[in-house]
Amino acid sequence: MKKIGIFYSFRSHKTKQQVRKMIKHLGEKNVEEVNVDEATHKDFDKFDNFIFAVPTWFDGELPNYWDEFLPTIEEDSLKGKKFALFGGGDQKGYPENFVDGLGIMAEFVEKRGGKTVGHTSTKGYTFESSRAQKGNKFVGLALDIENQAGLTDERIEKWMEDVKKAFE
């Protein structure tokens with residue numbers, strides 16, 4: 001397996017907890033953590049396989065750090081690169097845009113020829129709408145730590161199995 005770049009904000013405590021669980025499944029030697037707050041084009045160019053942590057902020061927005069990083073790779077072709085996306089949302093507090101950040105990121109990646117992997121079922125979630133939903137699947141792993149924390153470890157474990165296969 002090629003080395004995987006896990007891009008996330010090192011300032012996000014909840015995301016860091018989830019990344020630690022993912023690293024356990026993938027093996028430390030197979031991943032490199034990249035702080036998206038400080039990431040450069042050079043950091044991005046090192047990988048063909050990515051895990052992007054994309055929480056949804058406010059009413060369905062990307063976090064500022066993603067808004068600042070994405071222009072760095074906006075002109076790149078992402079053909080041949082694979083992206084597994086995960087992120088947190090609150091299906092009770094924001095049911096009309098649950099995990100929209102995942103959908104925004106998937107649109108960005110796919111528009112440039114990248115392939116999203118690790119799509120997961122929408123079963124077991126209650127929400128009104130989501131840009132991350134395609135049919136009966138999310139474009140990545142949706143986590144709701146606020147309302148379904150007890151399901152997080154099981155969801156990550158199952159998702160990691162799918163992501164590992166997709167990255168082989």
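Leaving aside neighbours within four places in sequence, H25 is in contact with I156, E157, M160 and K164, where contact means heavy atoms within 4.5 Å. H25 belongs to helix α1, which covers residues 13-26; helices (H or I, at least four residues) and strands (E, at least two) are DSSP runs numbered from the N terminus. At a relative accessibility of 30%, H25 counts as partly exposed, a class that falls between buried (under 20% relative accessible area) and exposed (over 50%), with a 1.4 Å probe and protein chains only. A142 stands 117 residues from H25 along the chain, and the C-alpha atoms of the two are separated by 18 Å.

The model is predicted, so to speak of its local features requires pLDDT of at least 70, side-chain atom pairs count only at pLDDT 80 or more, and totals for chains, interfaces and linings use all residues. Residues are numbered from 1 along each chain as its sequence is written, and side-chain values use heavy atoms, with hydrogens and water left out.

Turning to the overall fold, the protein chain has six helices and nine strands. Its radius of gyration is 15 Å, close to the 15 Å that the globule rule gives for 168 residues, so the protein chain is as compact as a globular protein of that length; the radius is taken over C-alpha atoms, and the rule is 2.2 Å times the number of residues to the power 0.38. Along the principal axes, the C-alpha atoms of the protein chain fill a box of roughly 40 × 30 × 30 Å. Of the 168 residues, 51% are buried. Among contacts with a separation of 6 or more, 74% are accounted for by residues 24 or more positions apart.

The surface and the charges can be described briefly. The protein chain exposes about 8,400 Å², and carbon and sulfur atoms supply 46% of this area, as given by the Shrake-Rupley method with a 1.4 Å probe. There are 26 positive and 29 negative side chains, and the centres of the two sets lie 7 Å apart. Lys and Arg count as positive and Asp and Glu as negative, while His and the chain ends are not counted; each charge is placed at NZ of Lys, CZ of Arg, CG of Asp or CD of Glu.

Beyond four places in sequence, F52 touches F7, F44, W66, F83, A84, L85, F86 and M105. In soluble globular proteins, nonpolar side chains tend to be buried together.

A39 lies in the loop between β2 (31-35) and α2 and is buried, with a relative accessible area of 13%. A39 and F69 are 30 residues apart in sequence and 7.0 Å apart in space, C-alpha to C-alpha. In helix α2 (residues 41-45) sits K42, which counts as exposed at 68% relative accessibility. K42 and T72 are 30 residues apart in sequence, with 9.9 Å between their C-alpha atoms.

Most residues other than glycine have a negative phi. In the loop between β3 and α3, F58 has a positive phi near 50°; F58 is exposed, with a relative accessible area of 55%. V99, in the loop between β4 and α4, likewise has a positive phi, near 45°, but V99 counts as buried at 1% relative accessibility. N97 is placed in the loop between β4 (82-88) and α4 (100-111) and counts as buried at 6% relative accessibility. Not counting residues up to four places away in sequence, N97 touches T56, F58, D59, G60 and S129.
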